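Please open the model in the viewer and display it as a cartoon.

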Amino acid sequence: MLKAIKIRIYPNENQVAYINKQLGCCRYVYNRCLEFRKSSYEKDKTSVSATEAIHHIVTLKIDNEWLKEVNSKVLQQSVRDMNKAYKNFFDGKCGYPRFKSKHDSYQSCRFPKDAFSGIKGNRITLITDLKNILFKCSRKDEKYLNRHQDKVSSITLSKDCTDAFHLSVLIDQPQGERPKADKAVGIDLGIKDFVIASNGEVFENLHLKKHEKNRLRRLQRQLSKKTVGSNNRNRARKRLAKLHKKITNRKLHYIHQVTNTLINENQVIGMEDLNVKGMAKNHKLAESVMEMNFGEFRRILKYKALWYGRQLVFVNRFYPSSKTCHYCGYIKKDLSLSDREWICPQCGKVIDRDYNASQNIRDEALRIIGLSSPEYTLADYPTMDDRLGDKALKSSDRMKQETNVFNELH
């Protein structure tokens with residue numbers, strides 16, 4: 001199993017110049033080889049093989065001597081990535097490969113295994129021109145990288161819109177081992193609250209972007225007043241990009257906290273197979289949906305479940321989890337989005353929309369995988385009758401810690 005660890009690197013001035021040159025050369029080779037494959041097919045309907053595309057680099061070096069100033073293995077890897085993108089297009093996995101631009105907010109190139117020398121402490125060496133580069137990450141990841149550097153598969157060098165450099169180190173490692181849990185949980189994703197679990201735990205929506213709305217508006221206004229192409233505009237662009245990056249990092253930190261909690265405490269996790277793109281087309285909810293990063297939450301939860309031997313079950317998006325009474329099975333067909341609570345006309349129970357949905361999702365997930373509830377500790381979960389007394393839906397302790405962290409950062 002492959003695991004990627006992303007680290008921030010701090011190259012010196014000479015190394016920065018070399019990295020920018022390497023990124024530019026990889027972008028140029030990628031575009032020219034893509035154009036070579038495209039034009040060959042348009043002219044005589046012949047498909048250029050992956051090997052021929054790589055050999056085309058030799059022709060490019062004859063006409064462009066400056067391509068010889070960078071590492072050839074990295075150039076070849078960029079063509080391999082282009083060939084893979086081409087293959088994915090014909091396999092129907094993605095769209096047609098696009099040409100890269102130097103104005104893209106994200107630029108990257110990949111160093112294969114034989115273009116990596118080693119790691120010593122908090123210093124990493126790739127090739128001769130990029131050696132002893134200082135990097136920063138958590139102490140745990142630093143020890144892991146030093147201990148498993150012989151299992152490095154490849155390293156991706158990237159430059160983001162704030163001109164910060166990162167390395168994504170891909171390591172081939174065995175599947176993670178974690179003690180088997182005896183609980184099952186269903187989760188309902190929402191806008192008012194981020195995650196509502198069937199055990200009564202609620203992970204709140206921190207509204208990180210909303211708290212920075214005024215500052216974002218001010219920086220965007222400053223950027224719009226700058227002259228296009230000027231240094232002042234570039235500095236204003238970086239200030240705005242850094243704020244967006246800060247918000248994104250906070251959201252990812254919170255998502256990792258929530259997913260770690262769900263993975264550590266539960267063996268089976270059920271969630272709806274949401275159509276995030278379709279939800280984003282609702283202009284009244286689009287901003288809130290995109291702010292919560294539902295797609296990223298699903299992606300992270302999915303790979304962590306695979307790592308640690310948990311079972312993530314997706315319930316059909318058309319399953320009426322909110323409309324179905326968890327107690328008697330009555331379906332309230334006229335339930336609207338504004339109805340946060342409703343009284344079941346058949347059994348008379350007071351139904352909390354999100355909590356009821358999470359319980360139904362849990363039971364449906366167990367039914368899908370063919371497991372019965374008695375195998376898991378479900379009976380101890382709070383009921384809606386308890387909620388009428390002491391509140392069953394309780395704010396997550398993890399959320400409270402995150403709020404304190406947010407206040408300190410803010």
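In which handedness of crossing does helix 7 pass helix 10? To find out, select residues 231-265, which form helix 7, and then residues 294-307, which form helix 10. The model is a predicted one, and in it helix 7 passes helix 10 in a right-handed crossing.

**The contact between the two helices**

Keep both helices selected and display their side chains. On helix 7, the residues that make the contact are L252, I255, H256, V258, T259, N260, L262 and I263. On helix 10, their counterparts are E296, F297, I300, L301, Y303, K304 and A305. Colour these residues by class: the contact of helix 7 with helix 10 has 10 nonpolar, 3 polar and 2 charged residues.

**The angle between the two helices**

Now hide the side chains and view the two axes. Helix 7 and helix 10 pack at an angle of about 40°, and their axes lie 10 Å apart. Because of this angle, helix 7 counts as oblique to helix 10.

**The whole chain**

Next, select the entire chain. Its secondary structure consists of 13 helices and 15 strands. Along the principal axes, the C-alpha trace spans about 80 × 50 × 50 Å.

Switch to a surface display. The accessible surface of the chain comes to about 22,800 Å², and carbon and sulfur atoms account for 49% of that area. Of the 410 residues in the chain, 42% are buried.

Finally, display contacts across the chain. Among contacts with a separation of 6 or more, 70% are between residues 24 or more positions apart.

Conventions:
Residues numbered from 1 in each chain as written. Heavy atoms only, no water. Axes fitted to C-alpha atoms, helices over the stretch in contact; angles between N-to-C directions. Helix = DSSP H or I, 4+ residues; strand = E, 2+ residues; numbered from the N terminus. Parallel < 35°, antiparallel > 145°, perpendicular 65-115°, else oblique. Left-handed = near helix turned anticlockwise from the far one by under 90°. Contact = heavy atoms within 4.5 Å. Nonpolar A, V, L, I, M, F, W, Y, C, P; charged D, E, K, R; others polar. Buried < 20%, exposed > 50% of the residue type's maximum accessible area, 1.4 Å probe, protein only. Areas by Shrake-Rupley, 256 points an atom, 1.4 Å probe, with all protein chains shown as cover.
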